[in-house]
Amino acid sequence: MSEIDFSKLPRFSQLPVNSEAPPESAWGVFGRDDELGCLNFLTPQGVVEAARLVRKGKVFRLDAPINYAKPPLFNRKPAEHKIRDFAKYGLLGHDDWLDNYNTQEGTQWDGFGHIGHPRYGAFYNGVKADQIKDGVDGKLGIHRWADKLVGRGLLIDVYRFRIASGRPINPLARESYSLDDLTGALRAQKAELKPGSILLVRTGWMRAYLDAPAEEKQKMASALELRSCGLESTSALMAWLWDNRVAALATDCPAVEPWPWDFQSDEALHYRALALLGLPLGEQFDLEALASDCADDGCYEFMLVSVPLNLPGGIASPANAVAIK
Ligand code: UVW
């Protein structure tokens with residue numbers, strides 16, 4: 001992390017910064033070998049300012065418990081928690097491990113190695129599939145984020161905003177929140193985006209999922225059956241995120257954008273965010289307790305600390321995130 005001059009960075013309309021990079025991509029903005037993308041917007045000064053937002057000493061865990069989704073979405077395997085008793089060694093104690101642990105089984109960050117751009121045949125900053133591999137030499141590995149995701153967090157409770165505006169959304173349907181919804185909710189909250197914010201958006205999906213009966217959850221585990229709300233995937237949304245220097249974007253729904261998204265379409269938010277802008281995407285965040293506290297005190301900003309797995313070459317990670325107010 002180093003200080004950057006936000007005013008010297010290109011605006012979205014000026015991207016790309018070099019002729020061989022795809023349109024609407026940030027490839028090269030932070031250097032040809034950059035692997036952090038928008039996380040470069042998080043600076044030491046930003047961490048200091050974020051710490052000043054801690055006033056009440058309240059801590060909100062943003063990861064749902066491991067195996068909260070029964071079964072996990074997208075046909076991912078549940079983790080099997082095993083505990084070993086040390087009795088046979090003459091010692092009172094235990095250790096434990098997880099079998100089948102998929103780093104995306106629940107609340108997660110998608111790393112940049114998760115999804116590349118089909119048209120350009122590359123991941124963020126032009127990295128090719130064969131450069132993404134296990135170990136410290138693996139390009140775009142999640143370990144590079146292990147000490148980077150700390151700064152000012154901002155919650156937009158767009159689910160609450162749509163209800164208050166008399167236009168409620170069904171989070172368990174393939175409905176979109178528009179950029180106007182996001183900016184409208186921000187205005188209603190009397191909150192603002194500042195450069196270097198980690199943006200959390202509550203879509204209402206997590207609440208609806210938790211309230212759904214077990215048979216519905218069983219169906220939702222199938223990628224073919226799952227239907228979910230999410231954010232619109234448009235150039236305008238990407239421009240707003242980039243021009244406001246949003247460092248990472250996380251929501252409480254399964255894919256940030258509505259599910260299913262079209263793998264064949266260049267318009268997909270996964271391609272626009274992960275592959276083109278280098279914008280980390282967080283999914284299935286549990287924003288319920290945080291949102292309730294923000295609605296109570298009218299304060300939607302906080303310090304956010306997330307420590308992804310220090311897994312060399314990792315593709316994704318549980319968020320291991322807390323918001324501190
Ligand atoms: C896919 O979109 C395939 O996965 P995720 O939502 O976990 O990024």
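This is a predicted model: local features need pLDDT of at least 70, side-chain atom pairs count only at pLDDT 80 or more; totals for chains, interfaces and linings use all residues.
Reader: Which residues have the most contacts inside the largest nonpolar core?

Author: As a general idea, nonpolar side chains in soluble globular proteins tend to be buried together. In this structure the largest nonpolar core has 93 residues, and those with the most contacts inside it are Leu62, Leu199, Leu200, Trp240 and Trp242. Beyond its neighbours within four places in sequence, tryptophan 242 is in contact with residues including Pro10, Phe12, Leu15, Val29, Phe41 and Leu277. Another core, of 5 residues, lies apart from the largest one, and among its members are Ala50, Val150, Met303 and Val322.

Reader: Why is strand β11 largely enclosed by the rest of the structure?

Author: In a regular strand the side chains alternate between the two faces of the sheet. Here 5 of the 6 residues of strand β11 (residues 301-306) are buried, so the strand is largely enclosed by the rest of the structure. Strand β5 (residues 150-156) pairs with β11 in the antiparallel sense over 5 bridges, and methionine 303 in β11 is the bridge partner of arginine 152. Strand β13 (residues 321-324) also pairs with β11 in the antiparallel sense, over 4 bridges, with leucine 304 opposite alanine 323 in β13.

Reader: Which residues surround the ligand?

Author: Those around the ligand include Phe74, Arg76, Asp110, His114, Trp259, Trp261, His270 and Glu283. A polar side-chain atom of histidine 270 lies 2.8 Å from an oxygen atom of the ligand, while for arginine 76 a polar side-chain atom lies 3.1 Å from a ligand oxygen atom. Taken alone the ligand exposes 260 Å², of which the protein buries 91%.

Note on methods
Residues are numbered from 1 along each chain as its sequence is written. Side-chain values use heavy atoms; hydrogens and water are left out. A nonpolar core is a set of buried Ala, Val, Leu, Ile, Met, Phe, Trp, Tyr and Cys residues joined through side-chain atoms within 4.5 Å. Buried means under 20% relative accessible area, exposed over 50%, partly exposed in between (1.4 Å probe, protein chains only). Contact means heavy atoms within 4.5 Å. Helices (H or I, at least four residues) and strands (E, at least two) are DSSP runs, numbered from the N terminus. Two strands pair if DSSP finds at least two bridges between them. A residue is near a molecule or strand if one of its heavy atoms lies within 4 Å of it. A polar contact is a pair of N or O atoms within 3.5 Å; within protein, one must be able to donate a hydrogen and the other to accept it, and residues adjacent in sequence count only if both atoms are side-chain atoms. Accessible areas come from the Shrake-Rupley method with a 1.4 Å probe; for residues, only the protein chains shown count as cover.
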